[in-house]
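Open your viewer and get ready to click along. We'll go stop by stop, with something to select at each one.

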Amino acid sequence: MDIAAIIVAAGRGTRAGGQRPKQWQTVAGASVAAHSVAAFRDHPRVTRCVLVIHPEDHGDAQQIDGIQTVIGGATRDASVRAGLEALQANPPDLVLIHDVARPLVSAKVIEAVIDALSSAQGAAPAIPVTDALWRGDEGVVTGTQSRDGLYRAQTPQGFRYAPILAAHRAHNGGAADDVEVARKAGLDVAITMGDEANIKITTPDDFARADKLIRDRAKEQAMDIRVGNGFDVHAFEDGDHVILCGVRIPHGRKLKGHSDADVGMHALTDAIYGALAEGDIGQHFPPSDPQWKGAESDIFLRHAVNLAKSRGYRLSNVDVTLICEHPKIGPHAVAMREALAGIMGMDVDRVSVKATTSERLGFTGRSEGIASLASATLIKD
């Protein structure tokens, strides 16, 4: 899917202070604009980036790699339309519209917006209002306001390209953001989870806060190692083979399950989801959904691996233990390692598959089924 990002950077940002527009001031060793562009340019699902700039900012924009530059308008909505029109010759499927003054937008926030667009016309991140709200006049509280149903809006705000382009073309000017433009055109916009760190630089104090947050994040990412564990069990039923870690093994019985019941691959998939704090297979591929009946389990494993990649992680190593009396795993262990390595895009020497018995104790000892334990280590790239 072709997903374009439009980063709006044509304003002057006078409230932020300084001798230069805020998007070209430096935080944590790079311009605000460079940080904002990098969040999208480096995201694995975003295919291209458009930076909408002021006519005087060509020189600054040339310092940023991997972007198309477009001259913006006098207002934010005019600048967004300029970015959208620039994509018309080769229209993307989806477009993400982001304020350049939010240099701390995370891959997770971007990912959530993209995922929501699979079923929504538009999607935008926001944070529920939790503080008490007052109305006031001349420094005196004049009343209160219910916070029920109120959110603090953030960007990127994502849309299917053709409808948001049409909405901007029909818009008569003046809007707080693209959600307002979309809603005036009758488009529904889903709310996705925002991030408190996704701050908008508005005042001079915001630069120091953004600088600290960016540097702290860099430190965390430099040593961000995650370990997840998975466990799965499948009972035997009548059949003539089992599928374990992607390998078909002749056997007097088969494993019972909604999918192909690959107990080893299921445990490994859950280990990756666990490392990402993303639940388990059942949450991503509900067994109540008939489309997954008889599905090959590599579908689940590839999804978990791709999810890790979208968050900026790579798999360092994985370890799978199969617990059963029969069939014998040893003769097939190499083939299993190779199958898993191929699915995950890993070197075979980083994939371990081994087996043990339960000394004839419990359901595995009675040959009623097979259990599996798995571990996965993820490292932030």
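Between which two elements does the loop with E359 lie? Select E359 and look either side: the loop runs between β18 (351-356) and α12 (362-365). Helices (H or I, at least four residues) and strands (E, at least two) are DSSP runs, numbered from the N terminus. E359 has a positive phi of about 55° although it is not a glycine. At 64% relative accessibility, E359 counts as exposed; the label needs over 50% relative accessible area, while buried means under 20% and partly exposed is in between (1.4 Å probe, protein chains only).

Before moving on, some ground rules: this is a predicted model, where local features need pLDDT of at least 70, side-chain atom pairs count only at pLDDT 80 or more, and totals for chains, interfaces and linings use all residues. Residues are numbered from 1 along each chain as its sequence is written, and side-chain values use heavy atoms, with hydrogens and water left out.

**Next, C245.** You'll find C245 in the loop between β14 (241-244) and β15 (247-250). C245 also has a positive phi, about 50°, without being a glycine. At 0% relative accessibility, C245 counts as buried. For background, most residues other than glycine have a negative phi, and most peptide bonds are trans.

**Now the cis bonds.** Select T155 and P156: the peptide bond from T155 to P156 is cis, with omega near 15°. P156 sits in the loop between β10 (151-153) and β11 (157-160). Then jump to H326 and P327, also joined by a cis peptide bond, with omega about 0°. P327 is in the loop between β17 and α11.

**On to N198.** This residue is in the loop between β12 (189-193) and α7 (204-222). With 1% relative accessibility, N198 counts as buried. Show what is around N198: leaving aside neighbours within four places in sequence, its contacts (heavy atoms within 4.5 Å) are H98, R102, L104, V105, V109, Q154 and T155.

**Then G230.** Select strand β13 (residues 225-238) and pick out G230. G230 counts as buried at 7% relative accessibility.

**Helix α10.** Select residues 298-310, a helix of 13 residues that reaches 18 Å from its first C-alpha to its last. That is close to the 18 Å expected at 1.5 Å a residue, where the expected span is 1.5 Å times one less than the number of residues. Buried residues in α10 include F300, L301 and V305.

Helices α8 and α10 pack at an angle of about 20°, with their axes 9 Å apart. Axes are lines fitted to C-alpha atoms, for helices over the stretch in contact, and angles run from 0 to 180 degrees between N-to-C directions. The two helices are therefore roughly parallel to each other; angles under 35 degrees get that label, over 145 roughly antiparallel, 65 to 115 roughly perpendicular, and the rest oblique.

**Last stop, α3 and α5.** Select residues 76-86 and 161-170: α3 and α5 pack at an angle of about 135°, with axes 10 Å apart. That makes α3 oblique to α5. To see the contact, show side chains for D77, V80, R81, L84 and E85 of α3 with Y161, I164, L165, H168 and R169 of α5.
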